[in-house]
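Student: I have a model open and want to learn how to read its features. Where do we start?

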Amino acid sequence: MILKFIFELETNNGVVEKILIRVAKSLNLNVGLSRDIKNLYAFIEGNEEELDNYSRELAKQLPLSIFLKSLNAEVVDEFKDDLDRTFPKINLPPCPKCLNEVKNPENENYYNPFHYCEVCGYNTNEKLKVKSKNDFKRLFENLANKLKKEGRVYIQTMNGTYEVTKNLENVKQIVAVDLAAVATYFMSFEGEAKALASIEKPLINLKTNLNFKKEFGISIPSYLVKLPDCMVLELLCEEIKNDIKLIGLKKSKKNDDFSFEIENSDEILKAVVTDTDDKDILIENGDRGLLPKFEEYIGEYVGFNGYFKAVSKDNKTTILKSDKYNEGKSKKVFAGFFGVVNQWKLHEKNIMGFCFYKEDENKILINSPKFGLIEYIDFKFKYKSFEEIFAEIKAMNETGAKLIDNFYKKEPQCFENAINSNLTTKKYGISYLWGLIGIILGFSDNIDEAYTRLLDYANSAMTKKGPRIDYKMDKNNLNPLWAIRTAMSFKLAGVDNYLLSFGVIESFSEFLSNVYEQFNKETELDGAVIVGDLFEGELLNKIYTYIKKNYSVFTPKALPISGAIESYGDLIINSKNASI
């Protein structure tokens, strides 16, 4: 009898595969592995009792993953085993098996913060010297008692050195001891819970609720939240969970209370949970558990993007971090697009690409087997000063002239802030435009900070709908003046900063969705590629959700929305250029 498991799984980092192999080995069963672009298949051979035992043990050991979309099983006649069992070595938070072992008083690894297995964990350069396993327990009891009494401890974790504090006022990250604590203090739903509880343990931007404001006396609207993502934090939270539900993390050079040596430069994942029906989870940035990543063999080529590189040799392509900064040969906007196209095998499809970068080109691309690559819409605009912007708005029409006069009279501080602002920046396209809007709204007197604050307001807004900001075309380019003037109009109308900033982001998402819809009416498209570091937070959520309602959407597969994917795309373009 052969039982076939079907995992809809984007990643090929080996986590699920290694658990399948481990469970089969523990039960002395044969397991075969195979996969295609969408699914991983596992074939287990045995009698009915053996297959039942395997299924139960797999359920115990298989963790949630943000990349595992579904799991099904069926009885089949054919056993298949053609998957290369060479998997990348990655750092990853504890798996269910290791967590059970460190919390079992009978296990030799009871409360051992350095315990890990072939699936999860971090390689440290030392081990704690203890006389008995109970010494591990006392270590974390002492840390917990100090945190309760003094309000903070300074410790090394697997992902950096931190001041761990009960004071949440000025922290960048919050660790919730469990999902119940998340539900108590934050506005979270099923999608957020799945992301937080996954083995990848990403940071999620969550809005605080009334309980949080009452108990902590803090009016900060949102925080980056995660569950314990290494054994050190896991065991500390185990000791404090009856008294403390949330702890803050501040980067620190001190680790006086608990220290050890570890080499780990991985960046913690930050994820976005979309408003789609399936609550799709997208990686905004970070690389922990994702790199190195294996892709198909292309030929003897390399590709670069900043501190990431892709190397194709030895029958596979490996995407990994680089010690040196290297500019790729290809433009980032094209490298990102073709990186995603190649991952999802979209070369023979009609695809629209939304490729937007904060400090690089912004383009909407069309790629089709009939016409090739078309640069459909550009986003190019620069101004020397707000005096130039105000003059051009005045010249647009009579309404524009009246708007400038009213803004000068009713919002004199914002007007003067804009006139005296510094427009020197590396920002480009839409990030540059949003920096301009942030300046006109009084968020800052420079592009970079104004852009950041506008995004902070938008991502913390307690709303699902904002005011409509005008994004209008001028031939094949966006005319930024319409967005600036409508933002000014809403400022004059008294719309608050959170709602107005949300409207700036949401309206641009609707604009991109409308571009897709209009083109699709004339030439049927097979989906949209979304790539580039501009896509983060609510912008990534909204554009993905709007298009996913009716069409296919493709983002970097098991990679962040930007960074490593451009190195892979650079390799792909280099290989194509070499064959011409």
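Student: Which residues lie nearest the centre of the largest pocket?

Tutor: Rolling a probe the size of a water molecule over the atoms shows where empty space is left. This is a predicted model. Its largest pocket is lined by 47 residues. Nearest the centre lie Asn205, Leu206, Ser222, Asn459 and Ser460. The volume is about 1,300 Å³.

Student: Which helices and strands each supply at least two residues of that lining?

Tutor: Three strands do: S9 (203–208), S10 (222–226) and S12 (270–273). Helices H14 (447–460), H16 (497–522) and H17 (537–548) do too. H14 gives the largest share, 9 residues.

Student: How does the lining of the largest pocket divide into nonpolar, polar and charged residues?

Tutor: There are 20 nonpolar, 11 polar and 16 charged residues in the lining.

Student: Take serine 509. Is it buried or exposed?

Tutor: Relative accessible area decides that, and under 20% means buried. Serine 509 has 0%, so it is buried. It lies in helix H16. Leaving out residues up to four places away in sequence, serine 509 touches Leu539, Lys542, Ile543 and Tyr546.

Student: At what angle do helices H11 and H12 pack?

Tutor: Compare the axes. H11 (residues 398–410) and H12 (residues 412–419) pack at about 110°, with axes 5 Å apart. Angles of 65 to 115 degrees count as roughly perpendicular, so that is how H11 and H12 are placed to each other.

Student: Which residues make the contact?

Tutor: From H11, Ile404, Phe407, Tyr408, Lys409 and Lys410. From H12, Pro412, Cys414 and Phe415. By class, this contact has 6 nonpolar residues, 2 charged and no polar.

Key. Residues numbered from 1 in each chain as written. Predicted model: local features only at pLDDT ≥ 70, side-chain atom pairs only at ≥ 80, totals over all residues. Heavy atoms only, no water. 1 Å grid on protein atoms, 1.4 Å probe; cavity = no way out; pocket = protein on both sides within 12 Å on 5 of 7 lines; lining within 4 Å. Points joined across faces, edges and corners; volume = space filled by probe spheres on them. Helix = DSSP H or I, 4+ residues; strand = E, 2+ residues; numbered from the N terminus. Nonpolar A, V, L, I, M, F, W, Y, C, P; charged D, E, K, R; others polar. Buried < 20%, exposed > 50% of the residue type's maximum accessible area, 1.4 Å probe, protein only. Contact = heavy atoms within 4.5 Å. Axes fitted to C-alpha atoms, helices over the stretch in contact; angles between N-to-C directions. Parallel < 35°, antiparallel > 145°, perpendicular 65-115°, else oblique.
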